[in-house]
Each structure stands twice: as structure tokens, then as C-alpha cells.
Amino acid sequence: MPSDFEGPMIRVSDLVTHYGDRRILNHVNLDFPTGETMVILGGSGTGKSTLLRHIMRLESPTSGQILIRGHDICPMSEDQFNQIRRKIGMLFQSAALFNSMTIEENVALPLRELTQLEDSTIRIMTRIKLDLVGLNGFENYMPSQLSGGMKKRAGLARALAMDPEILLFDEPSAGLDPITAAGIDSLILKLKLAFRMTIVVVTHELASAFMIADRITVMDRGEVIATGTPEEIRNSQHPRVLQFLNRIPEGDQVDAQEYLRSLTEN
Amino acid sequence: MTAVFAFLGRNTLGFFRYLSGIYDLSAKAAYWTFVAPFKGRYVKWGSAIHQMVVAGVDSIPIVSLISLFIGIVLGLQGAYQLAKFGATYFVTALVGVSMTRELGPLITAIVVAGRSGSAFAAELGTMKVSEEIDALEAMGLDSVRYLVVPKYLAMLVMMPCLTLISDLSGILGGAAFEIAQLGKTFSMCLSATQDALAMHDITTGLIKSLVFGLIITKIGCYEGFSVRGGAEGVGKATTSSVVVSIFLIILADVVFTAIFYFTSS
């Protein structure tokens with residue numbers, strides 16, 4: 001990949017996706033500027049995680065393009081995409097550590113399998129990554145022996161193993177207590193300042209979104225309804241954005257006639 | 001009427017989707033086993049050997065114990081029938097031939113399907129649910145190469161070995177009964193078995209065991225990969241891996257036994 005690439009690191013254009021007959025993403029257009037942190041906000045089931053999985057090519061779209069550094073990844077062969085994939089790290093919602101391996105083996109796995117480095121070098125690099133996320137001394141623990149927050153940190157260390165240029169986070173604070181979640185947020189901030197990576201965070205945590213974001217995108221029902229700086233989003237007048245930011249529950253706008261009909265129809 | 005057609009159509013489609021899924025998985029596994037090593041991407045022998053221990057060596061006690069019992073039962077039933085003709089001499093031959101040609105491979109396959117096929121489905125299904133398979137793919141590591149190929153290799157090596165062990169313990173079980181009840185000696189049993197068995201009795205059994213091993217791995221891994229949604233999905237996949245593979249094992253047994261029967265006569 002050329003390092004002097006101008007323009008957005010990731011560009012999603014006109015992306016449409018279906019699960020069966022259900023449309024999950026509806027003509028999504030989005031640019032992820034190089035070196036910036038983009039937070040994708042939205043409720044459950046709005047397609048934000050699906051969008052992230054498309055960038056990692058874990059799902060294939062019905063139509064549309066995903067350009068990473070200007071290359072469309074959808075028609076690429078597995079070998080071509082593997083070259084790009086090495087520069088992307090992803091932290092999964094459940095951390096997705098391999099349960100049969102120690103923390104050190106988990107972090108070392110991509111280095112072992114994808115590089116020709118010596119074992120001693122790999123060991124040092126693994127220790128550096130674990131140190132970075134504050135897990136020094138936990139090398140020989142199994143994932144099942146760690147708490148939720150520590151698993152996330154270990155997953156992050158593994159995502160960082162190949163020194164990625166793009167870092168993807170799927171719900172980094174899901175299932176964590178507020179203090180641990182804030183710890184993960186400050187870790188993301190630290191990485192952002194230290195490495196100038198292009199970071200994409202999918203979350204529904206408002207506080208964490210406004211803390212780490214350079215840009216925020218709000219998604220609703222498979223569509224991008226607003227995108228801009230945190231300030232612009234805060235001042236947005238879009239009704240769904242306001243509803244989301246002010247935590248107003250979905251109204252019971254059920255027509256009585258409509259409701260009775262839905263009960264009797266089959 | 002349309003409902004009937006819809007039902008038939010949906011199930012036929014589902015059946016072909018299942019077949020094509022299994023075909024895809026097998027093609028990928030064959031690629032990573034036979035083609036990729038020539039491109040410098042070697043098979044993961046470490047995990048293949050680990051699988052051999054888990055699926056093969058650890059099955060030895062249960063396979064040999066069950067086969068021993070089956071051998072005794074065969075001896076009992078054979079003696080019951082053959083005694084009417086005063087032909088209890090042939091009990092040894094009956095046990096030897098039915099173990100090597102039929103029951104050795106079949107019993108082994110059924111035990112291994114229950115032990116290892118279900119374990120494959122549960123392992124891969126859990127990894128799928130906890131996003132571990134996605135994490136592998138996200139690193140650019142092929143899940144078939146890392147997770148399926150070692151299991152194939154382990155089964156292809158261990159199924160014939162386990163079948164031989166099963167053959168042997170079945171024959172020993174039969175001999176134990178004959179020595180205890182029919183007044184034979186061990187050397188009589190040994191020589192009667194040697195007289196009765198031809199090499200192709202054993203080889204046809206081993207060929208069957210290879211086919212059974214492929215079936216168990218294919219179904220177990222495919223069911224594991226196709227898990228959707230949580231722990232319940234893993235449970236379903238585990239159950240159906242055992243049911244489907246035992247069904248297919250017996251189906252394949254019919255086909256292969258027929259082929260051997262018609263080609264040898």
C-alpha cells in the first residue's frame with residue numbers, strides 16, 4: 001500500500017446489504033478521513049456493526065463499494081485482500097480471544113503466522129503490546145481467567161499486534177462497568193494520540209462517543225442520518241438524532257384500529 | 001395443494017443447500033491439504049497431532065471395550081444357531097469375518113461420531129458464537145486451514161487404526177466366549193481365525209473406515225460452522241451432527257458393502 005495516499009482511508013459508497021429478504025444497510029455513503037477517529041452511533045439493530053463487518057470483509061454486500069486507500073475490496077481475491085487486512089486490526093464485541101491459548105499466544109498468533117520474525121522478537125513485540133494495554137504480567141493467563149475488561153484489553157493488544165493503520169472497535173464498552181468502560185475509552189484516546197491511526201468505533205454509549213470522537217456518524221434503520229463533528233451532532237435538529245441524544249424512548253404510536261386488526265389478521 | 005409444493009420445494013432447496021455447503025467445505029479442506037502445501041503453506045501438523053490424540057488415542061479404551069462386548073455377543077448368538085447343526089467350530093470364523101468386514105468399522109464409526117463428531121461441531125460452533133472464527137478470518141488466517149484440515153488428517157490416520165483395534169478386540173471377545181463355553185483353546189481359535197480371514201476382509205473394512213472418517217469430519221465441521229445464535233444453536237448443531245453422520249455412515253455402509261459384494265463375486 002502506498003503511504004502517500006491522499007483522501008479518506010476508508011470510503012463506503014452506496015452500500016446495500018440484505019440478510020435474507022431484510023434490508024440491513026440502505027445506500028450508505030460514508031468517508032473515514034485518514035488519521036481521524038470516527039464514532040458510529042446508533043441503537044441496536046441499526047446496522048452499525050454490520051457496516052463494520054463489511055469493512056473487515058466478514059460479510060459481502062448486495063451492492064455498493066468499500067474503498068480502502070482507494071482500492072475496492074469487494075471484488076478482490078483472498079490473497080489480495082490479505083495484504084490489506086494485515087493493516088487492519090479489529091476488536092470484537094466479545095473480545096474473541098482464542099480460549100485454548102494463553103494471552104501471550106493469542107497476541108503472538110498473527111505475528112507467528114503472518115510474519116517471518118524470530119521467536120525472541122515475537123516475544124518482545126508481544127510484551128510491548130501487552131504493556132501498552134496495561135496487561136503486563138498476565139502473559140500466561142488463559143482468557144477464561146480474565147475479567148471482561150481485561151479480555152477487551154487483551155483483544156486490543158492482539159488487534160495491535162501487526163501495527164495496523166486502521167483500528168476497528170465493535171462496541172468496546174459493551175458489558176463493562178462504567179469505570180472499566182472509561183478505562184477502555186482512555187486507552188483508545190491514548191492510542192489515537194500516540195499512533196495517528198484511523199480508528200472506527202461502533203457504540204451506543206453517548207458519553208464515550210463524545211469523549212473519543214473526531215467525527216460522529218449517527219445511523220438509524222440502516223441509513224446514515226447525520227455525520228459531522230461532535231459539536232455539529234450535538235446541535236443537530238434531526239428528530240431521530242435528538243431522540244437518540246436525549247434518550248427519549250420509542251413512542252407507542254399504535255392506532256387502536258390498527259392494533260385490533262393486527263390481532264385478528266393471520 | 002400449493003402448501004404441499006411449497007413444503008416440498010423448501011425442503012428440497014434446503015437439502016441441496018446443505019449438500020452444496022458440505023461440498024464447499026470439502027473442496028476447501030482438500031485444497032488446504034493437497035494443493036496449498038506445494039505453494040509453501042504447510043499443514044498445521046502440531047494441531048493435527050493434537051487432534052489425533054484427542055479423537056483417536058483417547059477413543060481406544062471405549063472402542064476396544066465395546067468391540068469386546070460385541071465380539072462376545074456375536075459368539076453367543078453364533079453358537080446358539082450353529083449348535084443346532086453341530087457346527088460350533090465355525091463360530092470363530094463367523095466372529096472374525098463379521099468383525100473385520102462389517103462390525104469393526106461400523107462400531108468404531110458410531111463411537112467416534114458420538115465422541116469426536118459431536119466435539120467438532122461443539123468446538124467450531126462455540127468458536128463461531130464467540131466470534132473466534134471471525135477473529136481468525138479478520139487476521140487473514142483461513143479457518144478451514146487452521147481448524148478443519150487438522151481434524152481431517154487426524155481422522156484419516158486414526159479411523160483405520162481404531163478399526164484394527166476394534167477388529168482385534170472383537171475377535172478376542174469371541175475367542176474368550178469360545179474358550180470359556182465351547183471348550184476350545186486359544187491356539188484353536190487363532191488358527192481358525194487365520195483360516196477364515198482373507199486379506200480383503202480386512203482391507204474392505206479399512207476402506208469403509210476411511211469413508212466413515214470423512215463423513216464424521218465433514219458433517220461435524222459443517223454443522224459447527226453453520227451454527228446461528230447462541231448456546232442453543234451449538235446444542236442443536238451437536239445433536240444433528242451425530243444424527244446426520246450416523247445416518248450417512250449406515251447409508252455409506254450399505255453402498256460400499258454392495259459394491260464389495262458385487263465386485264468380488
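User: Is D134(B) buried or exposed?

Analyst: This is a predicted model in which local features need pLDDT of at least 70 and side-chain atom pairs count only at pLDDT 80 or more, while totals for chains, interfaces and linings use all residues. Residues are numbered from 1 along each chain as its sequence is written, chains are lettered from A and ligands numbered from 1 in the order in which they are written, and side-chain values use heavy atoms, with hydrogens and water left out. A residue is called buried under 20% relative accessible area, exposed over 50%, and partly exposed in between, with a 1.4 Å probe and protein chains only. D134(B) has a relative accessibility of 16% and therefore counts as buried.

User: Where does D134(B) lie, and which residues does D134(B) touch, not counting residues up to four places away in sequence?

Analyst: Helices are DSSP runs of H or I with at least four residues, strands are runs of E with at least two, and both are numbered from the N terminus. D134(B) belongs to helix 5 of chain B, residues 132-138. Contact means heavy atoms within 4.5 Å. Leaving out residues up to four places away in sequence, D134(B) touches R53(A), L58(A) and F92(A).

User: At what angle do the axes of helix 4 of chain B and helix 8 of chain B cross?

Analyst: Axes are lines fitted to C-alpha atoms, for helices over the stretch in contact, and angles run from 0 to 180 degrees between N-to-C directions. Angles under 35 degrees count as roughly parallel, over 145 as roughly antiparallel, 65 to 115 as roughly perpendicular, and the rest as oblique. The axes of helix 4 of chain B and helix 8 of chain B (residues 199-225) cross at roughly 15° and come within 8 Å. Helix 4 of chain B is therefore roughly parallel to helix 8 of chain B. For composition, Ala, Val, Leu, Ile, Met, Phe, Trp, Tyr, Cys and Pro count as nonpolar, Asp, Glu, Lys and Arg as charged, and the others, Gly among them, as polar. The contact of helix 4 of chain B with helix 8 of chain B has 14 nonpolar, 10 polar and six charged residues.

User: How does helix 3 of chain A pass helix 5 of chain A: in a left-handed or a right-handed crossing?

Analyst: A crossing is left-handed if the near helix is turned anticlockwise from the far one by less than a right angle, and right-handed if clockwise. Helix 3 of chain A passes helix 5 of chain A in a right-handed crossing. The contact is made by I103(A), N106(A), V107(A) and P110(A) of helix 3 of chain A with A154(A), A157(A) and R158(A) of helix 5 of chain A. By class, this contact has five nonpolar, one polar and one charged residues. Helix 3 (residues 103-114) and helix 5 (residues 148-160) of chain A pack at about 25°, with axes 7 Å apart.

User: How far apart are the axes of helix 5 of chain A and helix 6 of chain A?

Analyst: The axes of helix 5 of chain A and helix 6 of chain A (residues 178-195) are 10 Å apart, and the packing angle is about 20°. That angle makes the two helices roughly parallel. Among the residues that meet are G149(A) and L156(A) from helix 5 of chain A, and G183(A) and L187(A) from helix 6 of chain A.

User: What is the phi value of R69(A)?

Analyst: R69(A) has phi near 55°, a positive value in a residue other than glycine. R69(A) lies in the loop between strand 4 (63-68) and strand 5 (71-72) of chain A, and R69(A) counts as buried because its relative accessibility is 8%. R221(A) has phi near 45°, also positive in a residue other than glycine, whereas its relative accessible area of 58% makes R221(A) exposed.
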